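Welcome, and please take a moment to look over the sequence and the fold shown here.

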Amino acid sequence: MTHAMLKGSNVPLEATTVRAVLRWSPGQGVPDVDASALLLGLDDRVRSDEDFVFYNQPRHPSGKVWRLGKKRVAEGLTDTIQTDLVGVESGVGRILLVASADGVTFDRVRALRILLYDAQAADGEALAYFDIKPETGRETALICGELYRRGDGWKFRALGEGYSNGLKGLATDFGISVDESEAAEEPQPAETPRQSPAPDTRATPTPSTAQPPSRQQVQPEAPTQPHVPAAAPPAPPETSRPLPPEQPAGVPAQPGYGYPPQQSAAAQPAYGYPQPAAQPAYGYPQSPPATAAAQPAYGFPPAPAPLDPDFRLPPQGPQFVGR
């Protein structure tokens with residue numbers, strides 16, 4: 001039968017090995033919770049720092065109290081402390097079961113519960129459970145409950161006592177010594193490399209390479225192509241190529257056979273002036289050259305050329321006679 005416990009209530013334990021399970025619901029902004037245990041002597045203080053079982057020291061030197069670690073179950077996340085009550089040293093009067101959240105308050109932890117199981121039972125049913133409600137919500141460490149001696153047996157009491165200064169403040173209250181010098185010396189190794197000038201000296205470039213090229217220095221680099229022809233082999237001289245024989249100066253180019261010679265652009269008269277007489281086609285009688293006086297005015301048809309009085313038709317064949 002599972003006992004639902006209220007704050008301050010207790011229940012006797014018949015199990016010889018007890019598993020205390022802290023369980024909470026994960027979510028956005030929910031901190032991670034760690035379980036730990038403090039073994040207190042008869043004077044309600046630890047006998048040494050070894051009586052503190054937590055994530056950096058997960059097992060007591062006696063081997064009777066140890067941290068099993070975290071798991072994800074259907075109901076949420078868990079962290080577990082297991083204790084062999086029969087083997088606990090007689091100098092230990094009670095064992096505190098603690099939950100802590102590093103730097104985050106417990107008002108952001110949802111559905112925090114501690115459950116006690118008989119580690120040797122096969123059914124897996126919880127012996128008791130206690131729903132932990134922070135008193136102020138600003139606690140960063142909570143004593144969820146305690147295992148304590150009563151005669152020859154053990155009992156469990158639900159507590160829910162909070163600490164606003166975290167696991168460090170809770171452990172200090174029960175006699176755990178915290179070395180403040182270690183925390184003060186932690187930043188020193190990180191500062192030492194910055195004080196050493198050796199890496200800066202090796203990494204410092206010389207003035208010739210440290211200055212990036214300016215825009216005025218970069219622009220003249222573009223016209224580096226004119227130097228390429230000087231390094232390339234010279235082109236063969238023009239005289240090495242066979243050229244066609246040049247015509248003597250003053251000899252006009254000969255036109256194609258049967259076509260009138262072409263006039264150059266320099267020989268063309270200006271617009272509105274008389275045109276020079278064109279050469280007749282090959283095989284046709286040439287008309288007498290026209291003089292400047294024979295040229296008609298601009299815009300009028302030219303006068304017909306005079307007929308040759310000595311012109312005679314060539315002899316005609318018989319097929320043209322009498323027609």
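Which residues of strand 2 are on its covered face, and which are on the uncovered one? In strand 2 (residues 10-13), Val-11 and Leu-13 form the covered face, while Asn-10 and Pro-12 form the uncovered one. In a regular strand the side chains alternate between the two faces of the sheet.

## About the model

This is a predicted model, in which local features need pLDDT of at least 70 and side-chain atom pairs count only at pLDDT 80 or more, while totals for chains, interfaces and linings use all residues. Residues are numbered from 1 along each chain as its sequence is written, and side-chain values use heavy atoms, with hydrogens and water left out.

## The chain as a whole

The protein chain holds seven helices and 12 strands; these are DSSP runs numbered from the N terminus, with helices (H or I) of at least four residues and strands (E) of at least two. Of its 323 residues, 28% are buried. Here, buried means under 20% relative accessible area, exposed means over 50%, and partly exposed lies in between, with a 1.4 Å probe and protein chains only.

The accessible surface of the chain is about 23,000 Å², and carbon and sulfur atoms account for 55% of that; the areas come from the Shrake-Rupley method with a 1.4 Å probe. Among contacts (heavy atoms within 4.5 Å) between residues at least 6 apart in sequence, 67% join residues at least 24 apart.

Six strands make an open, antiparallel sheet in the order 2-12-11-8-4-5. Its edge strands are strand 2 and strand 5, each of which pairs on one side only. Two strands pair if DSSP finds at least two bridges between them.

Strand 2 is joined to strand 12 (residues 153-163) by four bridges, and the two run antiparallel. Asn-10 lies opposite Arg-157 of strand 12, and Pro-12 has Lys-155 of strand 12 as its bridge partner.

Helix 1 (residues 166-173) has Gly-166, Leu-167, Gly-169, Leu-170 and Ala-171 as buried residues. Their cover includes strand 4 (34-40), strand 5 (52-53), strand 8 (94-100), strand 11 (141-150) and strand 12. After the helix comes Gly-175, with a positive phi near 100°.

The second largest pocket has a volume of about 460 Å³. Of the 19 residues lining this pocket, Phe-52, Phe-54, Tyr-55, Leu-167 and Lys-168 are the closest to its centre. Helix 1 gives the largest share of the lining, four residues. A pocket is an open set of points on a 1 Å grid over the protein atoms alone, where a 1.4 Å probe fits, with protein on both sides within 12 Å along at least five of seven lines; lining residues have an atom within 4 Å of a point. Its volume is the space filled by probe spheres set on the points, which are joined across faces, edges and corners.

## Around strand 10

Strand 10 (residues 126-131) pairs with strand 1 (residues 3-5) in the parallel sense over three bridges. Strand 9 (residues 110-118) runs antiparallel to strand 10, joined by five bridges. Phe-130 of strand 10 stands opposite Met-5 and also opposite Ile-114.

Why does Leu-127 count as partly exposed? Leu-127 does so because its relative accessibility is 27%. Leaving aside residues up to four places away in sequence, Leu-127 touches several residues, including Met-1, His-3, Leu-13 and Leu-116.
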